[in-house]
Amino acid sequence: MFGIISHKLVASTAGGSPGQPILRAAVLAMMSNYSTATKQIMVREALNSALDEEMAADPTVFLMGEEVGEYEGAYKVRFVNSPLTPVSKGLLRKYGPQRVVDTPITEAGFTGIGVGASCHGLRPIVEFMTFNFAMQAIDHIINSAAKTNYMSAGNINVPIVFRGPNGPAAGVGAQHSQISSHWYSSCPGLKVLAPYSSEDARGLLKTAIRDPDPVVFLENELLYGESFPVSDEVLDSSFCLPIGKAKIEKEGKDVTITAFSRMVGYALKAAEILEKEDLEAEVINLRSIRPLDRSLINNSVRKTNRLVTVEEGFPQHGVGAEICASVVEENFNYLDAPVERISGADAPMPYAANLERLALPQVEDVVRAARRACYRSVPTATTA
Amino acid sequence: MAATAFSASKFTQSFSLNSTRSVDRPPLFPASHPLKTTPSSFLGSTRKLSLSSPSSSTSRRRRRRPSRSPAVVAVSEVVKEKKSKSNVSLSNPLITNEEGLELYEDMVLGRSFEDMCAQMYYRGKMFGFVHLYNGQEAVSTGFIKLLKQEDCVVSTYRDHVHALSKGVPARAVMSELFGKTTGCCRGQGGSMHMFSKEHNLLGGFAFIGEGIPVATGAAFTSKYRREVLKEADCDHVTLAFFGDGTCNNGQFFECLNMAALWKLPIVFVVENNLWAIGMSHLRATSDPEIWKKGPAFGMPGVHVDGMDVLKVREVAKEAIGRARRGEGPTLVECETYRFRGHSLADPDELRDPAEKARYASRDPISALKKYMFENNLASEAELKAIDKKIDELVEDAVEFADESPLPARSQLLENVFADPRGFGIGPDGRYRCEDPKFTEGTAQV
């Protein structure tokens with residue numbers, strides 16, 4: 001939300017419009033209702049600072065993964081948004097190769113090594129270059145990490161964090177575009193987090209590292225380069241966000257839109273469009289997929305009576321399906337319209353640019369779904 | 001399972017598995033190689049890091065060679081001997097004029113195509129991940145030009161040139177890269193996922209190591225068809241191409257074991273270009289000599305100079321011949337180099353410029369040119385004609401791709417299943433696929 005307002009402000013002040021001082025005052029007035037937004041940091045920097053602080057605070061925390069160490073190299077500004085610019089920039093120089101461990105390309109192997117290390121007293125952060133590659137290690141994430149505390153009846157806990165970018169980037173084809181949020185969230189014993197803004201990234205990552213249980217931390221490659229305003233509170237080294245609590249990014253009364261990760265940005269843009277039609281959408285940033293903040297979602301639905309869930313993943317058994325089931329179970333009589341689920345297409349991600357656009361949710365899809373939920377007339381046939 | 005994995009043949013006689021004598025063979029990198037003498041704690045790295053606490057870099061330093069018993073001799077030694085003898089009498093070159101021109105044309109096609117890809121990428125016509133093959137052409141040409149159409153090739157994301165060598169038309173590959181519907185995979189696969197049933201190219205995989213079990217399966221099919229389905233003349237061979245980073249991956253070892261166990265007609269070709277994105281092979285591998293992993297599983301392991309197409313071809317002949325005769329798999333390690341970064345998004349700042357220059361001087365295309373001139377196999381004019389022909393071919397491919405249409409909306413849900421009834425029955429009781437508009441999906445963009 002702040003991101004959108006501050007970007008708009010930049011655009012308008014650049015034009016030097018006469019309404020400038022009024023606009024600025026209005027924005028400041030709005031901002032003073034929330035924490036004072038002082039700095040803008042990129043999600044990548046937020047994650048990097050969180051890793052840095054946690055590694056400094058606790059010597060048992062170490063990072064391992066492919067290209068986390070040396071590859072941070074001399075990235076000039078021109079490559080700041082390269083898909084290969086790592087979040088671990090600068091960490092190798094500060095902590096050395098024994099705490100920032102470059103691994104060979106063996107996901108199953110090094111994930112297992114991470115789990116073993118965490119069973120025995122260390123706190124590893126296992127980075128996957130993308131969560132697609134984590135599919136080669138999923139046996140260890142589920143069977144070794146998630147189930148060990150249970151199988152050992154609390155004797156051995158696994159304080160590990162699995163992190164990395166999740167989901168489609170731009171034009172990377174079927175095998176690089178998988179979303180795994182719903183797979184991991186169906187597994188008991190795991191905690192699954194999906195940050196959106198820099199504040200989310202910092203707070204949730206710190207909490208994840210301090211957490212005594214295995215946490216799957218799903219970042220998004222396309223969000224790494226986006227900047228969000230953060231308050232001083234967020235930049236403090238003890239800033240943590242609790243697991244299991246969602247955030248209402250924008251309040252509204254007509255329809256609830258739930259989203260996570262990159263789709264929160266889309267939901268917010270959709271909310272802006274809906275405002276012009278006098279529909280006030282309440283946008284919920286889930287932040288935590290497992291455990292889901294069911295009470296917040298349900299309270300919101302009790303207020304608005306309509307629900308739209310947005311996600312990038314495949315439609316069947318997605319996060320939206322779980323939210324829908326939860327809402328129907330607890331608030332059946334409050335629902336005034338069927339729950340609308342927006343998800344990716346039910347096909348592997350095509351490479352062609354135009355097909356990829358069709359295979360992913362777009363802002364217009366969210367807007368249409370919200371209108372449908374509010375019984376506004378919407379063209380029903382798919383137009384070519 | 002038969003105890004003897006090797007029958008008497010010229011190729012295997014060099015490889016006596018049970019020998020324990022230590023063979024005096026030249027090391028992978030000669031003593032003057034900078035990688036061996038650099039004092040930094042990161043082998044293969046150009047960066048010296050100042051760390052506050054001493055790291056245990058001694059364990060990472062190149063192992064002092066213990067008394068080894070590598071019972072396998074690199075066949076490149078055999079070829080070197082042959083060649084040094086034949087340099088004396090120019091009447092005994094390794095290839096004929098036609099073969100030489102064919103090899104030259106294939107390598108130049110690979111090189112020009114990849115260069116054009118880079119140009120097109122920076123113009124925005126190509127997108128996503130594009131991994132170029134410049135510098136490694138000798139491996140693709142050396143191996144694939146010996147195959148028949150029915151033989152299979154399985155590759156990684158660096159697969160454009162494998163596709164071209166195998167016979168997929170340049171137009172089809174370029175269209176695929178542009179994401180057009182005339183591409184070899186109708187624009188659905190992209191750079192990293194080239195498939196062709198006609199040319200038996202089984203992919204194009206994004207994850208390293210993923211293609212190896214698939215290749216092993218194709219070899220399994222070949223053997224099955226011969227022995228179970230009794231197709232006596234089915235001697236199809238499969239080639240699996242992959243890199244040095246893959247050789248630390250579990251799937252690689254699992255397949256080496258099964259291929260040797262069942263004597264599958266496959267050749268595992270390691271394109272060791274020393275770098276896995278920014279990770280030097282020496283930093284990631286406990287024993288960097290990959291060819292040694294073959295004998296550990298009961299198959300010959302060979303190391304060859306991958307910048308020399310003729311040496312590669314000689315080794316390939318032996319390995320493919322072995323597989324075709326039913327004698328089992330071979331592991332061939334080709335020492336090669338990629339002149340460009342890992343992908344077009346890789347700034348490639350970790351590799352030592354001196355190393356790059358050294359390998360650039362061993363450019364396989366220039367080397368073949370030189371060989372052909374020295375042995376009077378081709379004239380300057382012939383080679384220039386080939387260069388021109390390839391330039392036109394690549395330009396034509398770009399034009400074709402440019403003018404081709406984007407995939408139609410109705411292609412979105414096509415090809416998800418071979419039998420589209422897999423989409424199930426819709427709310428109206430009919431199969432969803434029976435609705436002609438179904439494959440368009442429901443997005444409105």
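## Domains of chain B

In this predicted model, the centres of domain 1 of chain B and domain 2 of chain B, taken over C-alpha atoms, are 38 Å apart. Domain 1 covers 77-403 and domain 2 covers 408-445; such bounds come from an automatic or database domain assignment.

## Conventions and confidence

Residues are numbered from 1 along each chain as its sequence is written, and chains are lettered from A and ligands numbered from 1 in the order in which they are written. The model is predicted, local features need pLDDT of at least 70, side-chain atom pairs count only at pLDDT 80 or more, and totals for chains, interfaces and linings use all residues, while side-chain values use heavy atoms, with hydrogens and water left out.

The complex has an ipTM of 0.77 and a pTM of 0.80 from the predictor. For chain B the mean pLDDT (the predictor's confidence in each residue, from 0 to 100) is 82, and 79% of its residues reach 70 or more. Residues 1-90 of chain B have pLDDT below 50, yet this stretch has 146 contacts (heavy atoms within 4.5 Å) in the model beyond near neighbours in sequence. Where pLDDT is low, the predicted coordinates should not be read in detail.

## Largest cavity

A cavity is a set of points, on a 1 Å grid over the protein atoms alone, where a 1.4 Å probe fits but cannot get out; lining residues have an atom within 4 Å of a point. Grid points are joined across faces, edges and corners, and a volume is the space filled by probe spheres set on the points. The whole structure holds 10 cavities of 30 Å³ or more.

The largest cavity has a volume of about 760 Å³. It is lined by 48 residues, of which Met129(A), Phe133(A), Tyr157(B), Ile277(B) and His342(B) are the closest to its centre. Two or more lining residues come from each of strand S5 (161-165) of chain A and strands S2 (238-243) and S4 (275-276) of chain B; strands are DSSP runs (E, at least two residues) numbered from the N terminus. S2(B) contributes the most, with three residues.

## Second largest cavity

The volume of the second largest cavity is about 70 Å³. Its lining includes Thr130(A), Phe131(A), His176(A), Glu221(A) and Phe129(B).

## Thr439(B)

Leaving out residues up to four places away in sequence, Thr439(B) touches Arg409(B), Ser410(B), Gln411(B), Leu412(B), Leu413(B) and Glu414(B).

Technical notes. On a 1 Å grid over the protein atoms alone, a cavity is a set of points where a 1.4 Å probe fits but cannot get out, and a pocket is an open set with protein on both sides within 12 Å along at least five of seven lines; lining residues have an atom within 4 Å of a point. Helices (H or I, at least four residues) and strands (E, at least two) are DSSP runs, numbered from the N terminus.
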